[in-house]
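Here is a short report for a reader who is new to this structure. Please look over the sequence and the 3D view before reading on.

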Amino acid sequence: MSANTLLNNNIIDLDLDAKTKDELFNKIAKKLFDNSCLKAIDPFINEIKKQESISTTNMGNGVAMIAIASSSVAKTSFMVIKTTSEIDWEDYNTPVNYVFLLAGIHHTVIDEYKNSLMNLSNLIYTKNFVQSINNAKKASAMIQKLNL
């Protein structure tokens, strides 16, 4: 399945103001909750933090990619975030200002989208990918650029 089918303008934010990972995770969860994608905010944030403590989601090149299955997810969603400033990800000395997040109801849902995640992972390391998405100023333009 393609993650593009999960993209919608309401959960793409190309101007999110966050200074820390905690602030970012809170704002991501609130946006998902406000768009009926989450049942509860705090358990979802805890799942993200737990995953991050096990293994970093920082892919380098200014991009973090989070794939999480949680019972607090109400609707499988693919979220794209660009922050207004770089966030210290506390690893690799590489700050992040793009977050791609796939939130699934169950691990099997994440597995259904693994090809899209692999494609995105490969794109992150291509020379012009970040420059290309930097040029997307609207959610609709970002959706066009992401062909997963």
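How many helices and strands are there in the protein chain? There are 6 helices and 5 strands.

## Overall layout

This is a predicted model. Follow the protein chain along its sequence, and the elements come in the order β-α-α-β-β-β-β-α-α-α-α.

The protein chain has 148 residues, and 48% of them count as buried. Now take the contacts in the protein chain with a separation of 6 or more: residues 24 or more positions apart account for 73% of them.

## Confidence

The average pLDDT of the protein chain is 84. A score of at least 70 is reached by 90% of the residues.

Among the elements, helix α1 (residues 21-34) has the highest mean pLDDT, at 96. Helix α3 (residues 107-112) has the lowest, at 65.

Start with strand β3, which covers residues 63-69. Of its 7 residues, 6 are buried, so β3 is largely enclosed by the rest of the structure.

Strand β2 (residues 58-60) runs antiparallel to β3, and 2 bridges join them. Gly60 has Val63 in β3 as its bridge partner. The two strands, β2 and β3, form a hairpin with 2 residues between them. Asn61 sits in the turn and has a positive phi of about 60°.

## Strand β5 and its partners

Which strand is joined to β3 by 7 bridges? That is β5 (residues 96-104), and β3 and β5 run parallel. Ala64 stands opposite Val99 in β5. Ala69 has Gly104 in β5 as its bridge partner.

Strand β4 (residues 77-87) also pairs with β5, here in the antiparallel sense and over 7 bridges. On this side, Val80 stands opposite Phe100 in β5.

Why is β5 largely enclosed by the rest of the structure? The reason is burial: 9 of the 9 residues of β5 are buried, so the rest of the structure largely encloses it. In general, side chains in a regular strand alternate between the two faces of the sheet.

## Putting it together

Trace the pairings in order. β2 pairs antiparallel with β3. β3 runs parallel to β5. β5 in turn pairs with β4 in the antiparallel sense.

Conventions:
Residues numbered from 1 in each chain as written. Predicted model: local features only at pLDDT ≥ 70, side-chain atom pairs only at ≥ 80, totals over all residues. Heavy atoms only, no water. Buried < 20%, exposed > 50% of the residue type's maximum accessible area, 1.4 Å probe, protein only. Helix = DSSP H or I, 4+ residues; strand = E, 2+ residues; numbered from the N terminus. Pairing = 2+ DSSP bridges. pLDDT = per-residue confidence, 0-100. Contact = heavy atoms within 4.5 Å.
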